[in-house]
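Trainee: I would like to learn how to read this model. Please take me through its features in turn.

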There are 2 protein chains.
Amino acid sequence: MKSYKDSFYQHICNLQDEICNRLTILDGKETFLEDKWKRPGGGGGRTRIMTNGHVIEKGGVNISGVHGTLPPQMVEYLKVSNNQFFACGISIVLHPKNPFVPTVHANFRYFELYDGNKNVVDQWFAGGADMTPYYINEEDIKHFHLTWKEHCDTYDLDLYPTFKGACDEYFYNSHREEARGVGGIFFDYLRPTSTHSSDMWHQFTVDASHAFLTAYEPIAKRRQDLPYTEEQRDWQEIRRGRYVEFNLIHDKGTLFGLRTKGRIESILMSLPSHVQWKYDFHPEQGTEESKLLDVLKQPKNWIE
Amino acid sequence: MKSYKDSFYQHICNLQDEICNRLTILDGKETFLEDKWKRPGGGGGRTRIMTNGHVIEKGGVNISGVHGTLPPQMVEYLKVSNNQFFACGISIVLHPKNPFVPTVHANFRYFELYDGNKNVVDQWFAGGADMTPYYINEEDIKHFHLTWKEHCDTYDLDLYPTFKGACDEYFYNSHREEARGVGGIFFDYLRPTSTHSSDMWHQFTVDASHAFLTAYEPIAKRRQDLPYTEEQRDWQEIRRGRYVEFNLIHDKGTLFGLRTKGRIESILMSLPSHVQWKYDFHPEQGTEESKLLDVLKQPKNWIE
């Protein structure tokens with residue numbers, strides 16, 4: 001079985017540079033600080049964080065490449081039959097300052113497993129991107145989804161509906177009975193099939209990762225300097241609380257990281273800098289705030 | 001088997017009144033707002049919340065009494081053989097405004113199970129109290145622990161060391177390798193033994209619940225008006241982030257509530273109103289902030 005280890009790892013290294021450069025230009029004030037770290041069990045990562053920018057209040061663009069022996073718990077979770085693994089990926093979470101700029105998350109990753117002779121015996125690509133707005137701007141949401149649809153459609157017209165549905169299902173705060181945001185795409189275990197080769201999934205995932213800036217940059221650019229009130233900022237911080245709830249209660253990536261003793265600060269870079277929990281807070285009916293909640297109650301098709 | 005259902009429920013109703021009255025006097029500015037709620041499966045509760053007080057930035061004093069059929073998951077978790085249950089308790093979480101006043105949590109509860117003829121076949125008391133300071137004042141911590149030790153010692157000299165140890169073990173953020181706070185006492189499954197009857201555990205739990213104000217009120221009183229800086233407030237909000245992490249990742253009560261579809265706003269009243277996550281923040285060595293971290297690294301005996 002052909003390995004994509006080196007090519008995909010090289011890709012995410014380059015992409016981290018590109019995304020950080022572009023986001024630094026977008027922000028116009030702050031730059032990314034870098035922390036390199038090593039994993040005791042094998043491998044490590046390069047965490048890059050921007051704090052208190054003009055546009056980005058807190059943002060991380062992280063890569064990691066880890067290898068070693070999977071704990072039995074993870075062998076069971078992944079439903080695989082080998083425990084020697086390599087995994088690498090890029091993970092992006094941006095919490096903007098302005099409540100009219102949505103929070104965004106994306107990650108793109110590759111996983112492979114080996115037999116006793118270090119031959120690759122299983123491999124898959126995975127990833128996705130989803131957006132969490134504080135105010136509904138249909139233009140933004142349509143642009144975000146259209147970017148992902150156009151990307152998917154290049155490969156197979158069935159992919160966007162499938163991966164969009166998987167995204168709605170995954171990023172769901174079941175204890176609140178509401179979506180985390182307005183979705184995007186989510187895909188996992190992209191193994192070769194009769195119609196889609198691993199070469200194709202490799203290219204699909206690389207292209208998806210390049211589409212991230214196309215999907216998000218224009219939205220940030222057109223909303224970043226809109227004036228906002230203290231009440232709108234409070235609303236953003238309250239909604240960020242739901243983001244924290246999702247990541248700490250439901251997100252499999254976060255829980256996986258915590259369970260496998262990953263680097264805590266790199267995992268929890270996804271948490272926003274300022275957050276509020278107000279007891280039983282409900283926006284008034286008919287307001288822009290309540291419009292967001294209506295949208296989060298029922299996943300919607302954003303592209304006709 | 002004698003039921004403590006009515007007497008303990010009456011006790012927590014009265015105690016909720018008493019604690020809310022005393023905390024309202026302590027605060028001097030705000031009062032508690034009350035929400036009564038019903039549980040679809042049986043029973044309900046009375047949630048009381050204070051927000052933006054002079055002393056208490058966000059605080060809840062909640063009681064609930066619920067009954068019905070335990071989901072199979074809970075039967076397994078509790079390791080019991082009957083699924084008809086009644087449970088009631090009082091739960092208190094206070095997040096003060098001033099960083100020199102510790103956050104405090106306490107709960108006291110009673111659980112019973114029935115056979116097919118509605119006879120009580122199993123019963124236990126449970127509860128505890130723990131304190132989470134932002135700055136170490138040994139005088140405060142000693143007073144808190146001494147209150148619980150004196151309470152326990154009235155019944156059995158072995159209880160305080162056992163329940164103090166259980167508290168240190170339970171309120172631990174394993175992913176950070178640090179304690180949530182400076183502990184207190186924690187006890188669960190207090191069933192009758194050859195030396196301790198259910199009558200005794202009933203009285204023990206009632207007395208413990210009365211000790212809450214004794215343990216906490218003097219600390220709040222002597223620290224509530226200390227001047228503090230913006231940096232000290234930031235530190236408090238960062239540490240509150242750890243409180244959120246504990247409650248959403250580790251706390252069994254929270255997870256139980258979410259899994260059994262309890263009232264979300266009553267469960268999550270435990271989350272502080274304003275919270276910060278700063279990437280990889282470490283206080284400077286030798287500061288008062290770093291002194292707290294030293295204490296949280298290793299549980300300590302506060303009473304010689």
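Mentor: Chain B can be laid on chain A with an RMSD of 0.0 Å, by a turn of 180 degrees and a shift of 0.0 Å along the axis. The two copies are thus related as by a two-fold rotation axis. Superposition is by least squares on the C-alpha atoms of residues with pLDDT of at least 70 in both copies. This is a predicted model: local features need pLDDT of at least 70, side-chain atom pairs count only at pLDDT 80 or more, and totals for chains, interfaces and linings use all residues. Residues are numbered from 1 along each chain as its sequence is written, while chains are lettered from A and ligands numbered from 1 in the order in which they are written.

Trainee: Which residue of chain B comes closest to the rotation axis?

Mentor: B:V275, with its C-alpha at 2.5 Å. The same surface serves both copies: 100% of the contact residues of chain B recur in chain A. Contact means C-beta atoms, placed from the backbone, within 7 Å.

Trainee: How many helices and strands are there in chain A?

Mentor: Helices (H or I, at least four residues) and strands (E, at least two) are DSSP runs, numbered from the N terminus. Chain A has nine helices and 10 strands.

Trainee: Where is the kink in α5(B) centred?

Mentor: A bend is the angle between axes fitted to the seven residues ending at a residue and the seven starting there. In α5(B) the kink is about 30 degrees, centred on B:H210.

Trainee: What do the buried residues of α5(B) pack against?

Mentor: Buried means 20 or more other C-beta atoms within 10 Å of a residue's own, with C-beta atoms placed from the backbone. The buried residues of α5(B) include B:W201, B:F212 and B:R223. Their partners in chain B include α1 (5-27), β5 (103-114) and α3 (138-153).

Definitions and conventions
Contact = placed C-beta atoms within 7 Å. Buried ≥ 20, exposed ≤ 12 C-beta atoms within 10 Å, placed from the backbone.
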